[in-house]
Amino acid sequence: MNFKIFSTFTGAGGLDIGFHGDFHFLDTYYPKLHFKTTKAIELNPQACETLNHNQKYFKDTVVINADITKIEPNNFKDEHYDVLLGGFPCVTFSVVGKQIGVKDDINGKLYESFVKFVEALQPKVFLAENVKGILSANKGEAIKIITKRFEETGYKLKIQLVNFADYGVPQLRERVLFIGVRRDLKEDFIIPKPTHKENYISVEKAFKNIKKNCINNNFMNELATTTAKLKAIPEGGNFKDLPPELAVKALMSNIYRRLDRKKPAYTVLASGGGGTWTYHYEEPRALTNRERARLQTFPDDLIFKGSNTEVRRQIGNAVPSVGVYPFAKEIERLLMANIKALNNPKI
């Protein structure tokens, strides 16, 4: 049997792959789990092309290229989904941004579209993902509003700040997970114990054995001035290490940051101008998109569609499959236990 997933804000499908299992990352195989994504809503046409192209991972998925705010959730309520997934857009809540939050910015209310799907589909479990900044947006008011809204739908809610590096992702990536369990289910969700708390995966290990001629592994076009800056910055350094003749004005420490081969990467970004493309620890260049995909734990045989900038966006916006896998496994346990309870009500 498989539990049916309805996926929203799907992007390139990192979250869904983590739920499906049956994929390799580096030297580890992540066994198949009892989930399949049967519907996926995604606004970006290139991301939809990525999903449709990778039939190995999305052969059971009907991809809907549409604006979620224009879709009526009640059209799907009779299809009986077990799990609802969604990494609703995080720009408004980002600590990098203005933290306008849910009160003043219409983009901050996109979470409401996700909640409407919770109300209509009444899945047994939902999992939503957002950036760490959501906890402090609007001086903490945004998270109160969102929590209250989720709980009003009839779910027991757990909110967990997760550093995915603790779960085997070669990247320091802090994200907030919202896990809702429908109140009629007797089982509670238990936060999985970290698997790599004292043993982070390094960038050097993450980049092991990447085939130079594989798809999505082309070098980015780079200005000579950028190359000069990178040559002047040591491994693990940033713009602060530049000599006066190459100095740049910057407000964020992620400008011209070079990776440290012995450590996990800093958070991979989805977009940004000069100096934000994530830079190799040894070679004076930006990472290829395949290297970025490794940091986000996408399987090597998943092919991304679109321009370099577009593929960067798909990769940077994704939820790392390896990081979410333990959470999917716990949801699988919870759902299996619920079936046993229904079949054996006296137990």
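Colleague: Before we start, what should I know about the model?

Modeller: It's predicted, so to speak of local features we need pLDDT of at least 70, side-chain atom pairs count only at pLDDT 80 or more, and totals for chains, interfaces and linings use all residues. Residues are numbered from 1 along each chain as its sequence is written, and side-chain values use heavy atoms, with hydrogens and water left out.

Colleague: Fine. How many helices and strands are there in the protein?

Modeller: The protein has 10 helices and nine strands. Those are DSSP runs numbered from the N terminus: H or I with at least four residues for helices, E with at least two for strands.

Colleague: And what radius of gyration does the protein have?

Modeller: 20 Å, which agrees with the value near 20 Å for a compact globule of 347 residues. The radius is taken over C-alpha atoms, and the globule rule is 2.2 Å times the number of residues to the power 0.38. The C-alpha trace spans about 75 × 45 × 40 Å along its principal axes.

Colleague: What percentage of the residues is buried?

Modeller: Buried residues make up 53% of the 347. Buried means under 20% relative accessible area, exposed is over 50%, and partly exposed is in between, using a 1.4 Å probe and protein chains only.

Colleague: Which residues touch the most other members in the largest nonpolar core?

Modeller: F19, F35, L127, I331 and L335, out of 45 residues in that core. Helix α10 (residues 321-343) gives the largest share, eight residues. A nonpolar core here is a set of buried Ala, Val, Leu, Ile, Met, Phe, Trp, Tyr and Cys residues joined through side-chain atoms within 4.5 Å.

Colleague: Let's go back to F35. What does F35 touch?

Modeller: Not counting residues up to four places away in sequence, F35 touches N2, F3, I5, F19, H20, V83, A328, I331, E332 and L335. Contact means heavy atoms within 4.5 Å.

Colleague: How do contacts look across the protein?

Modeller: Take contacts between residues at least 6 apart in sequence: 71% of them join residues at least 24 apart.

Colleague: New topic: where does P299 lie?

Modeller: P299 is in the loop between α8 (289-295) and α9 (308-316). P299 has a relative accessible area of 2%, so it counts as buried. Beyond its neighbours within four places in sequence, P299 contacts I17, F23, H24, Y57 and R290.

Colleague: What about phi of Q122?

Modeller: Q122 isn't a glycine, yet its phi is positive, about 50°. Q122 sits in the loop between α4 (110-121) and β7 (125-131) and counts as partly exposed at 30% relative accessibility.

Colleague: Where is Y256 found?

Modeller: In the loop between α7 (224-232) and α8. Y256 also has a positive phi, near 50°, in a residue other than glycine. Y256 is buried, with a relative accessible area of 9%.
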